[in-house]
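Subject: Structure to look through

Hi,

Here is the structure I promised to send over. Have a look at it first, and then read on for my notes.

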Amino acid sequence: MAAPNGKSRTCETGEPMEAESSGSSQVYLPGRGPPLREGEELVMDEEAYVLYHRAQTGAPCLSFDIIRDHLGDNRTELPLTLYLCAGTQAESAQSNRLMMLRMHNLHGTKPPPSEGSDDEEEEDEEDEEDRKPQLELAMVPHYGGINRVRVSWLGEEPVAGIWSEKGQVEVFALRRLLQVVDDPQALATFLRDEQARVKPIFTFAGHMGEGFALDWSPRVSGRLLTGDCQKNIHLWTPTDGGSWHVDQRPFMGHTRSVEDLQWSPTEDTVFASCSADASIRIWDIRAAPSKACMLTTTSAHDGDVNVINWSRREPFLLSGGDDGALKIWDLRQFKSGSPVATFKQHVAPITSVEWHPQDSGVFAASGADNQITQWDLAVERDPEAGDTETDPGLADLPQQLLFVHQGETDLKELHWHPQCPGVLVSTALSGFTVFRTISV
């Protein structure tokens, strides 16, 4: 979708991308080859997407999480319904909101129209109306921008852990918000009478400054880690009364801001951290916090390590840094200090990484270069396919690169939907995007 002057570069664009100029088109490779010339525009190849929707919520959201719902696993039938919990970064502290989004009636991309009668055109218009995506939004006032949102189920109770720019970590109960986005009458009542009264069920102000790193344990219900820009990491342990005990002794080791945290998916007491000090560390909470760091790679990236994600299916840790590199670490060989793979497609800092929840070799990444990339470790280029002969520019691409998605402005975070295979959701200054490509 190009701007009226035909010169917009931030457009919804999938790989393969085409740069159109005076009737001819060619594949556009972001960060490689010549920039667009005057009169050229990027055009989205709709056939590269199975599903594609955008949504805006007013103030942009730096972070969000997808809520596991009761609609079933491995959902591939369209239209889709999904639930997101997100937090805003508004211009003033008092304008921020914690939000519950219900996106529904998400249909697939339409096949190209066929030539037909007026009756068919009328049917198409009716069909277009039926296919309109829907969004329900329940908001709770929040003083201060929300740096990160992570959701967990404590038994039957959904909760959100929130890192505030005001230096506090809060836990909010989400049950009521989930209820009202499913019921228009209840939503109207909530927005009129209840939203201003919603408060966190627990708050920790012991970090002495703001932070971004936060992760719920996938193995021990209610166990939480939070890390701040002052290099400290704190462990939260749930108590019987529905509250938390936060250990005041921080885990010591990093020398600069802790950027991300990830619990091990296979061991109750093990977690990983990354930092602006360029290191990745593996910890075991059974040891005293000052002695809990068990393994360290001191120069994991050339600069800040922004994000990490621990594979649920393989002993692999994925990392992304300010250097634009994506690295895969085999935890069985972590002591070596060398990644088992490094990929360089992004030309700006990596802002988010995540393994596909079902396909062990597939992952996605977003960058400050406004690219979302999809990768598959199992892919090897077929030397007899002849692609490189028809388009020499493809020869330089990493063979594991499946897809490049563009069209967002200032990308911040992405997540695979855990129950809808292949569906990716991203947040950016330009809003939310929900899509599935033909590649995954």
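To begin with the surface, the protein exposes about 19,900 Å², and carbon and sulfur atoms supply 46% of that area. Accessible areas here come from the Shrake-Rupley method with a 1.4 Å probe, and for residues only the protein chains shown count as cover.

A word on how to read all this: the model is predicted, with local features needing pLDDT of at least 70 and side-chain atom pairs counting only at pLDDT 80 or more, while totals for chains, interfaces and linings use all residues. Residues are numbered from 1 along each chain as its sequence is written, and side-chain values use heavy atoms, leaving out hydrogens and water.

The protein has 4 helices and 31 strands; these are DSSP runs numbered from the N terminus (helices H or I, at least four residues; strands E, at least two). Of its 440 residues, 53% are buried. Buried means under 20% relative accessible area, exposed over 50%, and partly exposed in between (1.4 Å probe, protein chains only). Taking contacts (heavy atoms within 4.5 Å) between residues at least 6 apart in sequence, 58% join residues at least 24 apart.

Spanning residues 184–194, H3 has Ala186, Leu187, Phe190 and Glu194 as its buried residues. Seen down the helix axis, these buried residues fall within an arc of 100°, so they line one face of H3; the arc is that of the directions from the axis to the C-beta atoms. They pack against strand E8 (134–141) and helix H2 (175–180). On the face turned away from the buried side sit the exposed residues Pro184, Gln185 and Arg192. Asp183 caps the N-terminal end of H3, with a side-chain oxygen 3.0 Å from the backbone nitrogen of Gln185.

Now for some backbone details. Most residues other than glycine have a negative phi, and most peptide bonds are trans. The bond from Leu78 to Pro79, however, is cis, with omega near 5°. Pro79 is found in the loop between strand E5 (61–66) and strand E6 (80–88), and Asn74 is found in the loop between E5 and E6 too. Asn74 is not a glycine, yet has a positive phi of about 50°; this residue is exposed, with a relative accessible area of 52%.

Asn105, in strand E7 (residues 97–106), also has a positive phi, of about 60°, without being a glycine. Asn105 is buried, at 18% relative accessible area.

Best wishes

Conventions:
A polar contact is a pair of N or O atoms within 3.5 Å; within protein, one must be able to donate a hydrogen and the other to accept it, and residues adjacent in sequence count only if both atoms are side-chain atoms.
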